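Good morning, colleagues. Please turn to the sequence and the structure that I am about to show.

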Amino acid sequence: MNTNLNYGMDEVPFSPATPTDSLLFVSGQGATDPLTGEVTADDLEGQTIATLKNVSRILAQSGLTLQDVVKVNIYLKHRSDYEAFNRIYGRLFPRPYPARTLVYCDLNFDLLVEIDVVARLRKGAD
């Protein structure tokens, strides 16, 4: 199991992901560049795509993909984005869809969406 996950922004006091014996907990990700912290898109679709790329990058460090995700927590800035987000999410996430929670809140860096996930570790994965 890879316990040396890297994601840049080392001055921020959190781990990009924390493994247990069977699960990987990925911290909330947004549409930010992992090295500079700059927001990389200004619309919901661009931010959702960039956010899931960031999540996927972290999962890949443990030999995982979005297919291994069993739980997703989504934070949307605007309630009015719910239907559009669902269309985007449905295109990007593989079936069967993982369990999911979606809440509305104010987000750091004026992000429109933030996502954290829990993934099942594969036996023998590093």
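Which residue in β4 is the bridge partner of tyrosine 75? The partner is valine 103. What we have here is a predicted model, in which local features need pLDDT of at least 70, side-chain atom pairs count only at pLDDT 80 or more, and totals for chains, interfaces and linings use all residues. Residues are numbered from 1 along each chain as its sequence is written, and side-chain values use heavy atoms, with hydrogens and water left out.

Strand β3, residues 69-76, runs parallel to β4, and six bridges join the two. Strands pair if DSSP finds at least two bridges between them; strands (E, at least two residues) and helices (H or I, at least four) are DSSP runs, numbered from the N terminus.

The open sheet has five strands in the order β1-β2-β5-β3-β4, with mixed pairing. Because β1 (17-19) and β4 (99-104) each have a single partner strand, one side of each lacks a neighbour in the sheet.

Now to the helices. Helix α1, residues 44-60, packs on the sheet and touches β1, β2, β3 and β5, where contact means heavy atoms within 4.5 Å. Helix α2, residues 82-92, also packs on the sheet, touching β3, β4 and β5.

Finally, the largest nonpolar core has 25 residues. Such a core is a set of buried Ala, Val, Leu, Ile, Met, Phe, Trp, Tyr and Cys residues joined through side-chain atoms within 4.5 Å, buried being under 20% relative accessible area with a 1.4 Å probe, protein chains only. Helix α1 gives the largest share, five residues.

Conventions
Axes are lines fitted to C-alpha atoms, for helices over the stretch in contact, and angles run from 0 to 180 degrees between N-to-C directions. Buried means under 20% relative accessible area, exposed over 50%, partly exposed in between (1.4 Å probe, protein chains only).
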